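Colleague: I am new to reading protein models. Could you walk me through some features, one at a time?

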Amino acid sequence: MVRVVNSMSLWRWLARPGMFLLPPERAHYFGMGTFAWLAKLPGAVSCFRACYGFSDPRLMTRCFGIDFPNPLGLAAGFDKNAQWFNELALLGFGCIEIGSVTGQAQPGNPTPRLFRLPRDQAIINRMGFNNEGASSIAARLERLAPDRSDRNFILGINLGKTKLVPVEQAESDYTESLRALFRYADYFVINVSSPNTPGLRTLQDREPLERLLHAVQSTNREVAKASGQAIKPILLKIAPDLTESQLDEIVDLTLEQDLQGLIATNTTLRRDGLRTPSATIEQIGAGGLSGRPLTQRSCQVVRHVYSRLQGRLPIIGVGGIFDGHDAWRMITHGASLIQLYTGFIYGGPATANRILRHLQQKLDQHRLNHIGDAVGRIDLMT
């Protein structure tokens, strides 16, 4: 525990201020490149595991047929091209979700496209699904991804739409990626909720979403049969800006199409209630907002979806999770698994360990035998 506290202090008072002097995207690649290099030094893997690893059987979580070592994952967007998932897993995460991956390689939107809002503990991004494309990422996973039996974390793959592909042809783009990456993923996520690809969020409307999910599930069964593997769990990631009636329609369609879960939520287009000056926000312009301003709304969406599902499907809660209190709140609102992204950027390498220890303490406080006993128990928020 002392090592974790020291790491937190080093990050807060030395490393983060230094990193925040760099432009956000450059800081990301510099930081992760340095971390990946350090992880290759003799004894480094054991050291990272000793400092940040965490194990408690009460936190093991089974969802959509998969056993997660713990309920905390790193959300898609951090490791877009499957470069660092093995190293990131050393920091205590039970799941790493790579991507978003598109059928074709694309550079994303023009830079600058990533902006910090320190006063709000938030980020605005309009990355635009910049990635190397499904076939190139599949080749990297072939080299880097250990077999499931040889790794202690779950690997999810988040799929998006290539910008140049018309919305009307979205099904072929998603299914192309699914075919290329099928053997490497423990589960797939269909991302139709990013605000940074023109027209993408229209795929959340019932008719196009029904066609897309039907095509993905048909391909899922087809590839599984041809390869002799089991079908892969398919999840849908939704936006926080949907109305209750839209959420209800998506939940019903998710059940009709036999999906295995929902991820709530993606980034938001809203800008209300920010401490950052409005002139700065206007200068930044378009993009999805993530971080602390999303904490309340993401919990509201998770609670509504949980009430609608009535336990029929698990939910991955994401949005504004920075510490153990946020994680516990998300779980008691109905999330079986949780993910973070912006909270990791602000909190540093000890974030996962710190959150998991808090969850362990909450189980002790409420005398619960398993983290699953807290899912949806909003009465346990204290």
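Predicted model: local features only at pLDDT ≥ 70, side-chain atom pairs only at ≥ 80, totals over all residues.

Colleague: Which residues of H10 are buried?

Modeller: The buried ones are Thr 295, Ser 298, Cys 299, Val 301, Val 302, Val 305 and Leu 309. They cover an arc of only 160° around the axis, which means that they sit on the same side of H10.

Colleague: Let me follow H11, then. How many of its residues are buried?

Modeller: Seven of the nine, so H11 is largely enclosed by the rest of the structure. Those seven are Gly 324, Asp 326, Ala 327, Trp 328, Met 330, Ile 331 and Thr 332. They pack against H10, E12, strand E13 (337–340) and helix H13 (351–366).

Colleague: How should I read backbone angles?

Modeller: Here is the general idea: most residues other than glycine have a negative phi, and most peptide bonds are trans. With that in mind, look at what follows H10: Gln 310, with a positive phi near 55°. Gln 310 belongs to the loop between H10 and E12.

Colleague: Is Gln 310 buried or exposed?

Modeller: Gln 310 is exposed, with a relative accessible area of 64%. Now turn to Ala 82, where phi is also positive, near 60°. Ala 82 lies in the loop between strand E3 and helix H4, and at 0% relative accessibility it counts as buried.

Colleague: Where are the cis peptide bonds?

Modeller: One runs from Gly 99 to Ser 100, with omega near 10°, and Ser 100 has its place in strand E4. Another runs from Thr 111 to Pro 112, with omega near -5°. Pro 112 is in the loop between E4 and strand E5 (114–117).

Colleague: Which residue in E4 is the bridge partner of Gly 73?

Modeller: That is Cys 95. Cys 95 also stands opposite Ile 154 in E7.

Colleague: How do I describe two aromatic rings?

Modeller: A pair of aromatic rings is described by the distance of the centres and the angle of the planes. The count in this model is 12 aromatic pairs. Take Phe 85 and Phe 153: their ring centres are 6.4 Å apart and their planes are at 55°, so this pair is tilted. Phe 85 lies in helix H4 (residues 85–88), and Phe 153 in the loop between helix H5 (134–144) and strand E7 (154–159), so the pair ties together parts that are 68 residues apart in sequence. Both Phe 85 and Phe 153 are buried.

Colleague: Which residues do ring pairs link into a cluster?

Modeller: Phe 78, Phe 93, Tyr 341 and Phe 344. The charged end of Arg 151 sits over the ring of Phe 153, 5.5 Å from its centre. Likewise, the charged end of Lys 232 sits over the ring of Phe 182, at 4.5 Å from the ring centre.

Colleague: One last stop: where is Gly 133 found?

Modeller: In the loop between strand E6 (122–125) and H5. Gly 133 is buried, with a relative accessible area of 2%.

Colleague: What does Gly 133 touch, leaving out residues up to four places away in sequence?

Modeller: Gly 133 touches Val 101, Thr 102, Gln 104 and Ala 105. Look at Gly 103 as well: its C-alpha atom and that of Gly 133 are separated by 5.6 Å, although the two residues are 30 residues apart along the chain.

Terms used:
Residues numbered from 1 in each chain as written. Heavy atoms only, no water. Buried < 20%, exposed > 50% of the residue type's maximum accessible area, 1.4 Å probe, protein only. Helix = DSSP H or I, 4+ residues; strand = E, 2+ residues; numbered from the N terminus. Arc of directions from axis to C-beta. Phe/Tyr/Trp six-rings, centres within 6.5 Å; stacked < 30°, edge-to-face > 60°. Lys NZ or Arg CZ within 6 Å of the ring centre and 35° of its normal. Contact = heavy atoms within 4.5 Å. Pairing = 2+ DSSP bridges.
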